[in-house]
Amino acid sequence: MALVFEEIHASPDAKRINEEYFVLANNGGTPVSTAGLSVLVSRPGKRGSVLGQIDPGFLLQPGEKILVVSGVPGRKSQGEPPAREGMRVYHLFLRDGLLRGDGTTIRFALNQMDVAKAVYDKTAPKGVAPTPP
């Protein structure tokens, strides 16, 4: 997969979802558009549910990374969104966070085909569980 979740960061408080964020990278050789991708979340052993679509989306050039934040940028009650030099920030405008504890699977899919997928592991250095070989 060209799109890869490199980092997953849970919010310390469930109400401060602007502090829940993901670093998504394009490791492929061509630009990737996220417009129209479905956002799915599931717990271990569960099918998962669609939380919405990425609209209007963003374009990632090869080697580029972006911070994807769960909350709404203007809502101070949701916490302060992160910022990293040289990285754009994209907000999903969700009411609740995506992470439902350790083992939560986050997927971006197009027509039921996974485009990016990661499992949250709070003990992993960057929050992403290693993928099995």
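# Reading a pocket, a sheet and some single residues

Tutor: In this predicted model, the second largest pocket has a volume of about 190 Å³.

Student: Which residues line the second largest pocket?

Tutor: A pocket is read through its lining. Here the lining consists of S38, L40, R47, G48, S49, V50, R107, A109, L110, N111 and Q112.

Student: How many nonpolar, polar and charged residues does that lining have?

Tutor: Sorted by class, the lining of the second largest pocket holds four nonpolar, five polar and two charged residues.

Student: Which strands supply at least two residues of the lining?

Tutor: Three strands are to be named: β4 (38–42), β5 (49–53) and β9 (105–110) each give at least two residues to the lining of this pocket. With three residues, β9 provides the largest share.

Student: What is the order of the strands in the open sheet of four strands?

Tutor: A sheet is read strand by strand, from one side to the other. The order in this open sheet is β5-β4-β9-β10, and the pairing is antiparallel. β5 and β10 (113–119) are its edge strands, as each of them pairs on one side only. From one strand to the next, the twist averages 25°.

Student: How many bridges join β4 to β9?

Tutor: These two antiparallel strands are joined by five bridges. For a residue to look for across strands, take V39, which stands opposite F108 in β9.

Student: Now single residues. Is E7 buried or exposed?

Tutor: Buried means under 20% relative accessible area. E7 has a relative accessibility of 11%, so E7 counts as buried. This residue is part of strand β1 (residues 3–9).

Student: Which side chains does the side chain of E7 contact?

Tutor: Polar contacts are read as pairs of atoms with a distance. Another, of 2.8 Å, links the side chains of E7 and R84.

Student: Where does P82 lie?

Tutor: P82 is in the loop between β7 (65–69) and β8 (88–91).

Student: Which residues does a cis peptide bond join?

Tutor: The angle to read for a peptide bond is omega. The bond between D55 and P56 is cis, with omega at about 15°. P56 sits in the loop between β5 and β6 (59–60).

Student: What is the phi of F93, and where does F93 lie?

Tutor: F93 is not a glycine, yet its phi is positive, about 60°. The loop between β8 and β9 contains F93. The relative accessible area of F93 is 54%, so this residue is exposed.

Student: What is the phi of N111?

Tutor: N111 is not a glycine either, and its phi is positive at about 50°. N111 belongs to the loop between β9 and β10.

Student: Is N111 buried or exposed?

Tutor: Exposed means over 50% relative accessible area. The relative accessibility of N111 is 70%, so N111 counts as exposed.

Methods
Residues numbered from 1 in each chain as written. Predicted model: local features only at pLDDT ≥ 70, side-chain atom pairs only at ≥ 80, totals over all residues. Heavy atoms only, no water. 1 Å grid on protein atoms, 1.4 Å probe; cavity = no way out; pocket = protein on both sides within 12 Å on 5 of 7 lines; lining within 4 Å. Points joined across faces, edges and corners; volume = space filled by probe spheres on them. Nonpolar A, V, L, I, M, F, W, Y, C, P; charged D, E, K, R; others polar. Pairing = 2+ DSSP bridges. Axes fitted to C-alpha atoms, helices over the stretch in contact; angles between N-to-C directions. Buried < 20%, exposed > 50% of the residue type's maximum accessible area, 1.4 Å probe, protein only. Polar contact = N/O pair within 3.5 Å; in protein donor to acceptor, adjacent residues only side chain to side chain.
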